Amino acid sequence: MYEEPYRWVEAVGNRRQYLDEQFKQGSPVVALSYDGGILLTTVSKGTPKLYEIYDRLALGGMGHPTDLEKIRFSLLEMAHVEGFNRSPSDVTGSRLVKYGIAPVIKQAFEEVYKAPFIVRILVAELGQKPEKDALLTINYDGTFEETTGRAVLAATPAVQTKMMSYLKEQQPAPLSLEQALDLALRAWAIGSLAHQQDEADQQAEAKPQTSNAASSAAAIPSSDTLIAHVRSIAGERTIECAILERQAPGSSKYRSLKQMDLSRLLPAALQSVVAN
Amino acid sequence: MGMQGDFLQLLKEQGYTLGASTAVGTGHALTNATTILAFKYRDGVLVAGDRRATAGNMVMYDRTDKVLEIDRHSVMAIAGVPATAYEMVRVLEHSFKYYRRTQLQELSFDGKLRAVSKLLKENVPAALAGTGAVVPVFAGYDMEQGSAKIYFYDILGAEFEAVEYAVSGSGSPTIRGILHYQNTWGEQPLSALPEEQAMVQALRLLASAAEFDSATGGVNREASLYPVIKLITGAGVQTVPDATMKPLYESQVVRYV
């Protein structure tokens with residue numbers, strides 16, 4: 001029945017609705033440039049969401065863990081085969097995303113007989129020079145965007161915009177790693193609070209129009225409130241941080257920050273969360 | 001899930017082959033023209049190699065790097081046909097990285113050794129044909145056991161653990177004897193040498209090899225050409241800079257008779 005164009009469009013529309021629903025419980029991901037490279041952070045539950053892809057490439061994701069694994073393996077395969085056959089400097093985030101993984105995600109999304117990938121991903125690339133750093137995001141339908149300086153993944157475009165504008169507003173250039181981590185976690189909290197708000201609005205269901213307007217218009221909470229939110233959530237979850245470090249020795253620039261690093265780098269109010 | 005994390009397998013699926021025999025080979029006079037050595041010292045393991053590449057009696061190049069870092073804790077020193085050896089190092093480097101990144105854990109030291117063996121075994125046809133024999137020394141720091149290890153191989157991929165030291169290449173017969181003598185009757189066994197003395201020892205050994213083997217390059221001070229020495233400890237691989245070797249060489253290796 002999908003042979004009819006109308007049916008197909010309808011099926012794709014349903015799929016979009018279904019997928020949007022899947023990300024509501026997800027934890028946002030924030031990527032931010034700092035003076036020594038790029039920082040990725042999220043607060044995860046159970047399965048990690050930040051990974052190393054290649055010498056200068058990192059992956060952050062939202063969505064179904066198994067789908068994220070599939071995407072991760074495809075990226076790893078492509079990157080390593082290319083790096084071996086050509087050279088490590090030919091493995092670029094932009095090629096991997098645009099000609100590698102985005103078409104695969106788009107195809108899975110449009111083949112309405114098959115299951116789509118329930119993922120939103122972010123690929124961070126550390127360039128040879130800071131001005132060559134790139135952040136790429138791909139949506140579940142294969143749409144990709146390339147930015148520099150900052151990028152986020154969140155449940156809805158509205159939340160993403162909110163987080164991005166907060167990052168833009170707050171970011172004095174360039175940040176140290178501590179400052180970047182502090183800011184990234186506050187941006188994460190904005191995203192996480194917005195997810196909770198959306199959820200609450202949906203459950204209230206009374207006057208979705210006005211409450212929606214109210215939540216989006218609501219003032220950005222203070223830094224302390226945001227950090228307190230991270231604190232309340234991080235107790236039963238894990239603050240996950242990874243960096244692509246320009247000055248790291250050797251060819252692999254990716255390093256995930258261990259508890260020891262975090263207890264030194266996190267804002268004072270959060271240090272007790274990692275300590276225990 | 002059986003072969004997950006196996007980079008060589010992935011390459012093969014894409015049609016890659018290592019060391020296909022290229023028929024020609026009747027001449028079995030393999031030129032392993034080089035000298036490489038590895039020995040355990042107080043803090044870990046030292047791996048060194050001269051820098052000469054030869055073809056017959058022609059010196060091809062005097063700045064070859066035969067001691068290659070595969071990852072943060074392992075090094076392969078190569079003797080034999082450079083084309084194949086460099087290719088193997090590239091495969092290994094990518095294999096270890098690929099394993100670590102896909103499986104989210106470091107490949108064990110034994111796993112790394114096995115990977116070297118497997119590559120050498122795949123290379124047997126080329127090795128026997130005379131176009132691709134490689135006789136490497138693999139050294140590294142086993143993080144799980146907290147100890148330094150040295151292994152050497154024959155061209156067919158058999159792996160032997162060296163208790164104290166290993167040598168390979170055309171200059172190796174000369175220094176093998178010296179190593180044995182030093183280690184048995186010297187002032188102290190090699191494994192007790194502090195870092196600086198270990199470096200001096202390596203420079204002297206390579207100078208001896210160069211003395212008796214025309215295919216081993218010595219030190220060329222005019223051109224600031226020193227051997228390659230790498231130290232592997234729990235902290236990782238460290239390449240000794242020329243600036244460190246120069247004074248050591250001048251004060252403790254050169255003898256003006």
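Strands β7 (residues 137-142) and β8 (residues 147-153) of chain B run antiparallel and are joined by six bridges; B:Val137 has B:Phe152 as its bridge partner in β8(B). Strands here are DSSP runs of E with at least two residues, helices are runs of H or I with at least four, and both are numbered from the N terminus. This is a predicted model, in which local features need pLDDT of at least 70 and side-chain atom pairs count only at pLDDT 80 or more, while totals for chains, interfaces and linings use all residues. Residues are numbered from 1 along each chain as its sequence is written, chains are lettered from A and ligands numbered from 1 in the order in which they are written, and side-chain values use heavy atoms, with hydrogens and water left out.

The β7-β8 pair belongs to an open sheet of five strands in chain B, with the order β5-β6-β7-β8-β9 and antiparallel pairing (two strands pair if DSSP finds at least two bridges between them). At the edges stand β5 (67-71) and β9 (159-162) of chain B, each with a single partner strand, so one side of each has no neighbour in the sheet. On average, neighbouring strands of this sheet are turned by 25° against each other, direction ignored. Helix α2 (residues 82-103) of chain B packs on the sheet, touching β5, β6 (74-77) and β7 of chain B, and its direction makes about 20° with that of β5(B). Contact means heavy atoms within 4.5 Å; axes are lines fitted to C-alpha atoms, for helices over the stretch in contact, and angles run from 0 to 180 degrees between N-to-C directions.

Now for the helix pairs. In chain B, the axes of α6 (residues 195-212) and α7 (residues 242-252) come within 10 Å and cross at roughly 70°. That makes α6(B) roughly perpendicular to α7(B) (65 to 115 degrees; under 35 is roughly parallel, over 145 roughly antiparallel, the rest oblique). On the α6(B) side, the contact includes B:Met199 and B:Leu203, and on the α7(B) side it includes B:Met245 and B:Leu248.

In chain A, α4 (residues 157-170) and α5 (residues 177-204) pack at about 155°, with their axes 9 Å apart. The two helices, α4(A) and α5(A), are therefore roughly antiparallel to each other. Among the residues making this contact are A:Met163 and A:Tyr166 of α4(A), along with A:Trp188 and A:Ile190 of α5(A).
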